[in-house]
Amino acid sequence: MGKYVYNKGAHFAGTDDERCEDFQNALDNKTISAIWSARGGYGSVRILDKLNWTKFKENPKWIIGYSDITAIHCEVQNLGFQSLHAMMCTSLQDNAETIAATISSFKDAIFGEQLSYTLKGSKYNQPGTVSAPLVGGNLTILHTMLGSKTSIDTSGKIVFIEEIGEYKYHIDRMLQSLKRAGYFDGCKGLIIGDMTKIKKNTTPWGTSIEQLILDALSEYNFPIAFNMKAGHEKDNRALILGKTTVLEVSKEQSLIKFID
């Protein structure tokens with residue numbers, strides 16, 4: 001347990017220095033095999049440049065979380081290591097039966113079982129088959145990393161995105177910004193996770209969130225799969241970021257399979 005895990009400092013779970021100290025100690029401790037985030041929220045970006053990854057590179061370990069932890073995942077991807085986009089400790093407050101699939105996929109991931117998912121089909125799916133490393137996470141955080149040394153190189157990769165609590169025009173704005181920065185130019189595929197609690201603007205957007213995404217990325221012909229159960233819902237399946245992934249997309253269903 002982190003020394004400062006129950007601390008509170010203004011908006012954050014302790015000061016930046018306290019949170020950084022806890023994370024650095026976990027990175028450096030050879031007896032620790034995984035760093036499991038207590039929860040998300042906001043603030044990981046504030047400690048990124050304070051962290052020293054030297055001992056982690058000598059003794060890599062799982063870093064587990066989602067949402068704001070996407071900032072940490074991006075750093076790990078750039079170092080060339082895998083990490084887990086998966087449930088956090090806060091989910092242990094939920095009824096185990098309601099998150100059974102979440103727990104099962106998490107256990108499979110950390111204990112080395114092969115992960116694969118068959119996704120419900122969608123008329124919005126953009127068909128195709130590709131095999132490439134998986135990267136990504138929360139759309140807002142990916143957008144926040146843009147232009148920094150922590151922004152991930154998506155060339156030759158499959159990108160996963162999910163989001164919570166944004167207006168549709170905010171989502172379009174971020175996609176347009178990423179697109180203009182060349183984020184999707186070399187992308188091999190796109191997996192869309194949960195878009196949770198989308199806010200309603202006084203001026204309606206006029207299309208579904210699925211159509212919004214397709215319209216924003218209309219010039220690309222890589223496969224796009226909707227309905228991945230990952231993000232801010234109770235059903236939050238584990239994804240191994242940095243691992244080679246087979247993505248097969250049709251209108252009827254999609255297959256995601258992690259391979260060695």
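Guide: Helices are DSSP runs of H or I with at least four residues, numbered from the N terminus. The model shown above is predicted.

Visitor: How much space lies in the largest pocket?

Guide: The space in the largest pocket is about 1,200 Å³. Among the 35 residues of its lining, those closest to the centre are Val-5, Trp-36, Ser-37, Ala-38 and Arg-39. Two elements give two or more residues to this lining, namely helix 1 (16-28) and strand 1 (34-36).

Visitor: What makes up the lining of the largest pocket, by class?

Guide: By class, 18 of its residues are nonpolar, 11 are polar and 6 are charged.

Visitor: Which residues are closest to the centre of the second largest pocket?

Guide: The second largest pocket holds about 390 Å³ of space. Of the 20 residues that line it, Tyr-66, Thr-90, Ser-91, Asp-94 and His-232 are the closest to the centre. Its lining has 5 nonpolar, 10 polar and 5 charged residues.

Visitor: Which residues does the annotation "active site" cover?

Guide: An unreviewed UniProt entry places this annotation on Ser-67, Glu-162 and His-232. They are spread over 166 residues of sequence, yet they cluster in space, with a largest C-alpha distance of 8.3 Å. From this set, Ser-67 and His-232 belong to the lining of the second largest pocket.

Visitor: Why is Ser-67 called buried?

Guide: Buried means under 20% relative accessible area. The relative accessible area of Ser-67 is 11%, and therefore Ser-67 is buried. Ser-67 lies in the loop between strand 2 (62-65) and helix 3 (70-79). Leaving aside neighbours within four places in sequence, its contacts are His-85, Asn-138, Ile-141, Glu-162 and His-232.

Visitor: What makes Glu-162 count as buried?

Guide: The cut-off is again under 20%. Glu-162 has 0% relative accessibility, so Glu-162 counts as buried. This residue is found in strand 6. Not counting residues up to four places away in sequence, Glu-162 touches several others, including Ser-67, His-85, Asn-138, Asp-194 and His-232.

Visitor: Why is Lys-168 called partly exposed?

Guide: Partly exposed residues fall between the 20% limit for buried and the 50% limit for exposed. Lys-168 has a relative accessible area of 24%, and so Lys-168 is partly exposed. Lys-168 lies in helix 6. Beyond its neighbours within four places in sequence, Lys-168 is in contact with residues that include Ile-198, Trp-205 and Leu-212. The C-alpha atoms of Lys-168 and Met-195 are 9.9 Å apart in space, while the two residues are 27 residues apart in sequence.

Visitor: How do you know that the end-to-end distance of helix 6 agrees with its number of residues?

Guide: The expected span is 1.5 Å times one less than the number of residues. For the 13 residues of helix 6 (residues 168-180) this should be 18 Å, and the end C-alpha atoms are 18 Å apart, so the values agree. Helix 6 is followed by Gly-182, whose phi is positive, near 85°.

Visitor: Against which elements do the buried residues of helix 6 pack?

Guide: They pack against helix 5 (139-145), strand 6 (158-164), strand 7 (189-196) and helix 7 (209-216). The buried residues in question are His-170, Ile-171, Asp-172, Met-174, Leu-175, Leu-178 and Lys-179.

How values were computed. Residues are numbered from 1 along each chain as its sequence is written. This is a predicted model: local features need pLDDT of at least 70, side-chain atom pairs count only at pLDDT 80 or more; totals for chains, interfaces and linings use all residues. Side-chain values use heavy atoms; hydrogens and water are left out. Buried means under 20% relative accessible area, exposed over 50%, partly exposed in between (1.4 Å probe, protein chains only). Contact means heavy atoms within 4.5 Å. On a 1 Å grid over the protein atoms alone, a cavity is a set of points where a 1.4 Å probe fits but cannot get out, and a pocket is an open set with protein on both sides within 12 Å along at least five of seven lines; lining residues have an atom within 4 Å of a point. Grid points are joined across faces, edges and corners, and a volume is the space filled by probe spheres set on the points. Ala, Val, Leu, Ile, Met, Phe, Trp, Tyr, Cys and Pro count as nonpolar, Asp, Glu, Lys and Arg as charged, and the others, Gly among them, as polar. UniProt positions are given in the numbering used here, feature names are shortened, and annotations may be inferred rather than shown by experiment.
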